[in-house]
Amino acid sequence: MRLLMAGPPGGRDLLTLRAPSPFLAHCHRRPSSRPQMVRAVSSARPRTSLDDWQSDGPSLGGMLGGSSNGARGSGSAPPPMDVNDVPLNSEAKQDYTKLQSLLKAGDFQGADDETRALLISLAGPEARHRNWVYWSEVAAIPEADLKTVDALWSAASGGRFGFTAQRQVWTQHRRRWVEFFKAINWVAGEYNMYRKWPQEFIYSTEACKGHLPLTNALRGTRLMEALLEHPAIAGLTKERAGEVVGGNGTEARTQGSKLPDWLS
């Protein structure tokens, strides 16, 4: 499992993660006695602090995440959908049975890997060739396909995970990335350092809302924003989504923010 992104010259950036119980206190959830599915992977870069950058940086990003948790009806929430009942719709003729099976089995780390691979495939031939998704390629992902991925994550987690869940947390924090990353528990410590990937992320429903799936934001948040503003997730028209992400979105909201030298 890799958080795919454009790495710095001569190296590859990896966003990293693990699941010890102290991390769960951030979400006020009780730690599970169940073993977490983790893999140790070394990082080519030291951890990066959220305070070192803001999201008006270059249009580089990493890989992806999302969930659909839309409330219907009046007053009461609908019963959760079983992951087996999610329609596997695809405009791109993509097969989602593997993702469905992984989520059904509770293998959230495997499902995160599969989600990343699916989004690379959906983003087009250039994304497949380089093995990571550029933020502007997100618009090419069909709505039906992103909705399917989102709905599967949502159904498997009771609405806790997925792009829709992440968007809900993001908008609740007024689209402020630092607060958002804290809320979904992607950073830790006094200096808000990114967790080590993959071993420091939490691959169970005891994680914070929006914790999964993962999207690498070490080199900026344009990719993450493109996902959360995609018409399938935000309910915007394609034209309006393009305006928000392409010109009137992150940059307008973060004028004057300082970037680290390696992002300049």
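Helices and strands are here DSSP runs, of at least four residues in state H or I for a helix and at least two in state E for a strand, numbered from the N terminus. On that basis, the protein chain of this predicted model reads α-α-α-α-α-α-β-β-α-α-α-α along the sequence. That gives 10 helices and two strands.

Of its 264 residues, 53% are buried. The accessible surface comes to about 11,800 Å², and carbon and sulfur atoms hold 48% of that area. Among contacts with a separation of 6 or more, 77% join residues 24 or more positions apart.

I turn now to the interior. In soluble globular proteins, nonpolar side chains tend to be buried together. In this model, the largest nonpolar core has 51 residues. Leu99, Leu103, Trp153, Phe163, Phe180 and Phe181 have the most contacts inside this core. Several helices each supply at least two of its residues, including H1 (97-104), H2, H4 (143-157) and H5 (163-172). Which helix gives the largest share of this core? That is H2, with seven residues.

H2 covers residues 108-123 and reaches 22 Å from its first C-alpha to its last, close to the 22 Å expected at 1.5 Å a residue. Just after H2 comes Gly124, with a positive phi of about 120°.

Methods
Residues numbered from 1 in each chain as written. Predicted model: local features only at pLDDT ≥ 70, side-chain atom pairs only at ≥ 80, totals over all residues. Heavy atoms only, no water. Expected span 1.5 Å × (residues − 1). Core = buried A, V, L, I, M, F, W, Y, C linked by side-chain atoms within 4.5 Å. Buried < 20%, exposed > 50% of the residue type's maximum accessible area, 1.4 Å probe, protein only. Contact = heavy atoms within 4.5 Å. Areas by Shrake-Rupley, 256 points an atom, 1.4 Å probe, with all protein chains shown as cover.
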